[in-house]
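Reader: I have a model open and would like to go through it. Can you take my questions as they come?
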Amino acid sequence: MTGAGARHLVRRHGDREYAEPGEPWAAGASGYRRWTAVGEADAVHTGFGVCTLEPGGRVPAHVHSYEECVYLLEGEVVLQTPQVATRLRPGDYGLVPVGTPHAWRNEGAAAARWADMLAPQPRSRHDGDTLAIGPLPDTSAETVDPRDPRTRRFGHIEPENMDPALQSQARLALSASMRTALLVYSGISVKMMIDSDLGADLTTMFMVQYDPDGVAGPHDHPFEETYLFLSGEAEGVFDGESYRLGPGDLAFAGVGCVHSFGNLGAGPLRWLETQAPQPPGRHSYRFVRDWTYLRQVLDRQPG
């Protein structure tokens, strides 16, 4: 289902279409393209895509009126701000808060590719809610150090960080806070990456892993979710429609979309997930099973 405020959608890896940005702020960009997977035609709060930057490519300095969360998929890219230049490598993630001047450059020999989550959703009628600013000087880039308390807007995650058997105090020390400790339930592991502890106000980004027997029953939320599948094969059911989802595929569930997931493979299933707006403190999940149970209880009562 598509259209602004769609209840759900699925994008296949092979159907990606990357395009150069046409807004005025990107006039000086070179080697940069973006696949808009979820945008104004699909959602209310979410802007989600995958970006590529060729070797030697640049995105000029700019600011925007939305939060930007990023997760590096391939290659290396430098994120330059007035304070510091950060070299992002596969598995690194970071937050660009609202109104933060920043620029991108690729100093490597291969193309860089990263997922980005933008919230609130950029609006084309306002030039993408982004403004070009004066150039930022290139400074020497530092790699991400998750243990450095001065760089709490960045972190790093590996598949082994999703394995409950490999958790230790040393591994937990790589987290910005105990809120990013691994959450494990019913064959599902969840590790928060970007949330209010890292300074985000409008969105979240986290990693999800399902064991072969991992299952999440039908439920919905008062916010939008996007899922970028990284490894394994999933069955995703959205409002009764079933999809087989593999690496590079993407799915989106809007507010009120009843969805569930299961692992179709013999190994772990892993995906990157985002939410916008940030979940409320209570009642983030509405499970069908709970309200079906209550209905059955009430139906058995006299009168």
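Predicted model: local features only at pLDDT ≥ 70, side-chain atom pairs only at ≥ 80, totals over all residues.

Reader: Fine. How many helices and strands in the protein?
Author: The secondary structure comes to 2 helices and 23 strands.

Reader: And how does its radius of gyration sit against the globule rule?
Author: The radius of gyration is 20 Å, close to the 19 Å that the rule gives for 303 residues, so the protein is as compact as a globular protein of that length. The C-alpha atoms fill a box of roughly 75 × 45 × 35 Å along the principal axes.

Reader: What share of the residues is buried?
Author: 48% of the 303 residues count as buried. As for contacts with a separation of 6 or more, 72% come from residues 24 or more positions apart.

Reader: Now the open sheet. What is the strand order?
Author: The order is S19-S18-S21-S16-S23, with antiparallel pairing.

Reader: Which strands stand at the edges?
Author: Strand S19 (241–245) and strand S23 (286–287). Each has a single partner strand, so one side of each is left without a neighbour in the sheet.

Reader: What joins S18 to S19?
Author: 5 bridges, with S18 covering residues 234–238 and the two strands running antiparallel. Alanine 234 stands opposite leucine 245 in S19.

Reader: Different topic. How much accessible surface?
Author: About 14100 Å², and 53% of that belongs to carbon and sulfur atoms.

Reader: How many positive and negative side chains?
Author: There are 27 positive and 39 negative ones, and the centres of the two sets lie 3 Å apart.

Methods:
Residues numbered from 1 in each chain as written. Heavy atoms only, no water. Pairing = 2+ DSSP bridges. Helix = DSSP H or I, 4+ residues; strand = E, 2+ residues; numbered from the N terminus. Rg over C-alpha atoms; globule rule 2.2 N^0.38 Å. Buried < 20%, exposed > 50% of the residue type's maximum accessible area, 1.4 Å probe, protein only. Contact = heavy atoms within 4.5 Å. Areas by Shrake-Rupley, 256 points an atom, 1.4 Å probe, with all protein chains shown as cover. Lys, Arg positive; Asp, Glu negative; His and termini not counted. Charge placed at Lys NZ, Arg CZ, Asp CG, Glu CD.
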